Amino acid sequence: LNVTLRPEESKKISDMLIGVFFEDINYGADGGLYAELVQNRDFEYSPNDIGREENWTATNSWSTGGEGLSFDIDTVAPLHTHNPHYAVLDIKEKGHGLVNDGFDGIPVKAGEKYDFSVFARSTSNKRGKIIVRLLDEDGKVIGEARTGKISKTWNKLTAVVEATGSAVNGRIEVIPDMEGEVNLDMVSLFPQKTFKNRKNGMRADLAQAIADIRPRFVRFPGGCVAHGNGLDNIYHWENTIGPLESRKPLRNLWGYHQTMGLGYYEYFQFCEDIGAEPLPVVAAGVCCQNSSIGGAGQMGIPMEEMPEYIESLLNLIEWANGDPSESPWAKMRAEAGHPKPFNLKYLGVGNEDLITPVFEERFTMIFKAIKEKYPEIQVVGTSGPFSEGPDYVEGWKVASKLGVPLVDEHYYQPAGWFLNNHDYYDRYDRSKPKVYLGEYATHIPGKGNNIETALLEAYHLIGCERNGDIVSMTSYAPLLAKDRRTRWRPDLIYFNNMEVKPGTSYYTQLLFGQNSGNEYIPSVLTLSDNRDDVRKRIGISVVKDSLSQDLILKIVNLLPVKVQANIDLAALGITGKQDATKTVLSGMPDDWKARPETSPVAMEPQYWDELPAYSLTVVRLKSK
Ligand code: AHR
């Protein structure tokens, strides 16, 4: 393989190409990224959550820890109307309390500190403290603390528990140290070590795995979760901000419960913490076309309710960017701890919606309202469900007609499709809106992600970099999947309560995210064997990062044999030896354990390398 670089044809490309798409699917949020350890802390689980494996009720995950007490659920005088259920403990003989077994167990690490909190009240004149105990698998106490006294009205009590032992499948017992009736709600336990040590924060190891990709943006909260299963399941951002007890939980379309503890404030904060742009996605006034609840199929918010819905979307922009001294929404953001604006630039409207007149009418109203009031916000439209068929074309037509700046398109396709469509965006009409490839993954029947998927995705991303003048953003999907709770495969990062286990495809995202650039240098490939099926198994992308001034080469070899590559770097003005790092991800196509390996190299202007069979090679030439 001979590579001739054409610096004279260099072009600017998007500096936002690699991002992540976070959706609460596969227990990605509660029980996943959100570090809360108590499951059903709000006693709001309900049969409506349609947990497929369990018959959920408000008592789910809770039991009594022993004799002397019983408990029930009531709704008569709740802590907040959004959170109507609470536990009523009838304690005849003190000594035990309510036990929660977490999300598949509570992981406890000896020596670590945990923040406990609960809202409690005593309905009699008796008062007692709350004893909180961490228990290991055998019921041994591995941490204990006491709160202040329970009062007559709802009051938040807190304590810090230091673990004296460890457990994989731990539990928590919450014991009112008194007799009589005690009401409890919002029972919470967080490790103090969260990502960036944020209160109400994220699991440090999972958040770090995401941050390591160096995503330039985070799209949230869905996917299908954003537009919902039925109109009453549309995700309303304002129900997810403010004090936790006032947030409105929602049935998760993927068959469980969303506490909304991980809400808009936390998403925006996370973006800021990792230096990524927030890309919230709101429903385009329609629910998911695959809805099975509240009618069937796509339904639109009734026209008379659309002005109120649009107002709520404009409030979101105000909440994120407004001045707290002028805007009540911005004041809420400031009160939550962020007086400075979040500097929201993008807003996704719609997700894979069927492009019907019901959609078009509502999308148009929303788009025009945002454009009029906040022209600086870049609306990201939707292309509709992927097909070579009419919806897809219609989606782009609507967006082009309205002048939507960016369009989100999704495709989950087999290996052959990715191989044959590496030039997908080469043919793209430059007069249309820019592309946000919001969801994609290689799906190989019966297999998870492995070297084959990782390399095909790398190959596709090479095509995206080559077309980085019109492909502005990309994000693999789905991002997270918890062991035993995975309903969608493959996913980028698998995890359980103890471990984070990135799949092979993760390393493609990592290598592209850590090695992106904003200038593309075209190249011409000459192969000794120039047959079509050989040629289309080699991909190369050369980019420059103006910030570091580093030059980055990415080469995918999808052939079953190694390839000798000669790259003439002299064309870029490189004259002497230069320090570089080389990272190679390779293995047999089925290999799901392969990890990238990095080594230093001294680059000659006439760079010669041997690309292993089935490999992605990333070479980074340091300017300094
Ligand atoms: O990523 C999983 C789902 O795939 C998303 O929720 C949806 O947008 C798409 O159909």
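**Overall architecture and ligand shell of the predicted model**

The protein contains 11 helices and 35 strands. Both are DSSP runs numbered from the N terminus, with helices (H or I) of at least four residues and strands (E) of at least two. The model is predicted: local features need pLDDT of at least 70, side-chain atom pairs count only at pLDDT 80 or more, and totals for chains, interfaces and linings use all residues. Residue numbers start from 1 along each chain as its sequence is written.

Confidence was examined next. The average pLDDT of the protein is 96, and 99% of the residues score at least 70. This score is the predictor's confidence in each residue, from 0 to 100. Where pLDDT is low, predicted coordinates should not be read in detail. For the complex, the predictor gives an ipTM of 0.99 and a pTM of 0.97.

The overall dimensions follow. The C-alpha trace spans about 85 × 55 × 50 Å along its principal axes. Buried residues account for 49% of the 624 residues. A residue is buried if 20 or more other C-beta atoms, placed from the backbone, lie within 10 Å of its own, exposed if 12 or fewer do, and partly exposed in between. Among contacts between residues at least 6 apart in sequence, 74% join residues at least 24 apart. A contact requires C-beta atoms, placed from the backbone, within 7 Å of each other.

UniProt, in an unreviewed entry, places the feature "domain: Alpha-L-arabinofuranosidase C-terminal" at residues 438-615. UniProt positions use the numbering given here, feature names are shortened, and annotations may be inferred rather than shown by experiment. The span is 17% helix and 38% strand, and its end C-alpha atoms lie 25 Å apart.

The ligand is surrounded by Glu23, Ile25, Gly222, Gly223, Cys224, Asn351, Glu352, His410, Glu439, Ala477, Pro478 and Trp488. The shell divides into five nonpolar, four polar and three charged residues. Here Ala, Val, Leu, Ile, Met, Phe, Trp, Tyr, Cys and Pro count as nonpolar, Asp, Glu, Lys and Arg as charged, and the others, Gly among them, as polar.

Two members of the shell, Ala477 and Pro478, are joined by a cis peptide bond with omega of about -15°. Pro478 sits in the loop between strand 23 (471-474) and strand 24 (480-482). Another cis peptide bond joins Phe220 and Pro221, with omega of about -5°. Pro221 occupies the loop between strand 15 (217-220) and helix 2 (224-227).

Glu352, also in the shell, has a positive phi near 50° although not a glycine. Glu352 lies in the loop between strand 19 and helix 6. It counts as buried because it has 24 C-beta neighbours inside 10 Å. Thr356 lies in the loop between strand 19 (346-349) and helix 6 (357-373). With 17 other C-beta atoms within 10 Å, Thr356 is partly exposed. Thr356 and Gly384 are 28 residues apart in sequence, and their C-alpha atoms are 9.6 Å apart.

Asn197 is not a glycine, yet has a positive phi of about 55°. Its loop runs between strand 14 (180-191) and helix 1 (204-212). Asn197 is exposed, with 9 other C-beta atoms within 10 Å.

Definitions and conventions: A residue is near a molecule or strand if its C-beta atom, placed from the backbone, lies within 6 Å of it. Two residues are in contact if their C-beta atoms, placed from the backbone, lie within 7 Å.
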